[in-house]
Amino acid sequence: SNITIGFVEAYAVGVCRGAYSQQLVAEWNRWNELHRSENEPVDAYGASQLYAVFVQANGGADLETFKPRNFDEVKSILLQVALALAVAENACQFEHRDLHWGNVLVRRSDSSDRGGRLECTMNDVDISVETSGVNVTLIDFTLSRLNGDGGGDGGGGDGGGGGGMSSSAEPLASSAGSAASAASAASAASA
């Protein structure tokens, strides 16, 4: 089995239509003043605009704005990203295809959060690494791809060799699928 909690947890996914309310436009403008969005202003979209809506866990600050306190935190961030991607690639030949500083979220952990260790499983091998007080979450799977049959073999082969994803409490199967297609593929892979 292959299990990682390095991907954002999706609580709900939906589709809606219509123009943004004035209150949401005002909030977007306020946020844009503080952070300078790279996106188009939201009031440019009309009443026929369709939107995909994702309700996700708070993964923290993006790596572009997160300020590591020491080398151990930097090392832990890199290791957590690598492990999440390795497990997902092994499980379902996952490729992020847009991994940059803005798509890696980091938050400082509290004493009850993960106990200072990251636990994951790859090819039925349990892996435990020190988090150094930071937890990493990968986001934005718009350009991602995965093999939906869940037959990842770790070698990029035909997908028929073992692997697959587990469906325990916080595995890749329940959280990598923030994009609607990835969600249905990941659910099918864990079945």
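This is a predicted model: local features need pLDDT of at least 70, side-chain atom pairs count only at pLDDT 80 or more; totals for chains, interfaces and linings use all residues.
Biologist: How many aromatic pairs does the model hold?

Modeller: Ring pairs are assigned from the distance between centres, with a limit of 6.5 Å. By that rule the count is five aromatic pairs. One of them joins Phe-7 and Phe-141, with 5.6 Å from centre to centre and 40° between the planes, and is classed as tilted.

Biologist: Which parts of the chain does the pair of Phe-7 and Phe-141 tie together?

Modeller: Phe-7 is in the segment before β1 (10–17), and Phe-141 is in the loop between β7 (134–138) and α3 (172–175), so the contact ties together parts 134 residues apart in sequence. Both Phe-7 and Phe-141 are buried. Ring pairs also link Phe-7, Phe-94 and Phe-141 into a cluster.

Biologist: Why is the pair of Tyr-20 and Tyr-51 edge-to-face?

Modeller: Planes over 60 degrees apart count as edge-to-face. The planes of Tyr-20 and Tyr-51 stand at 85°, with the ring centres 5.3 Å apart, so this pair falls in that class. Tyr-20 sits in the loop between β1 and α1 (22–35) and Tyr-51 in strand β2, 31 residues apart, so the pair links distant parts of the chain.

Biologist: Is Tyr-51 buried or exposed?

Modeller: Buried means under 20% relative accessible area. Tyr-51 has 17% and therefore counts as buried, whereas Tyr-20, at 30%, counts as partly exposed.

Biologist: Which residues form the nonpolar patch on the surface?

Modeller: The patch consists of Tyr-11, Val-53 and Val-55, which together have about 270 Å² of accessible area. Val-53 belongs to strand β2 (residues 50–56). Its relative accessibility of 36% makes Val-53 partly exposed.

Notes. Residues are numbered from 1 along each chain as its sequence is written. Side-chain values use heavy atoms; hydrogens and water are left out. Patches are made of residues with over 30% relative accessible area and no salt bridge: like charges are joined within 9 Å, nonpolar side chains (Val, Leu, Ile, Met, Phe, Trp, Tyr) within 5 Å. Accessible areas come from the Shrake-Rupley method with a 1.4 Å probe; for residues, only the protein chains shown count as cover. A salt bridge is a side-chain nitrogen of Lys or Arg within 4 Å of a carboxyl oxygen of Asp or Glu. Helices (H or I, at least four residues) and strands (E, at least two) are DSSP runs, numbered from the N terminus. Buried means under 20% relative accessible area, exposed over 50%, partly exposed in between (1.4 Å probe, protein chains only). Rings of Phe, Tyr and Trp (its six-membered ring) pair if their centres lie within 6.5 Å; planes under 30 degrees apart count as stacked, over 60 as edge-to-face and the rest as tilted.
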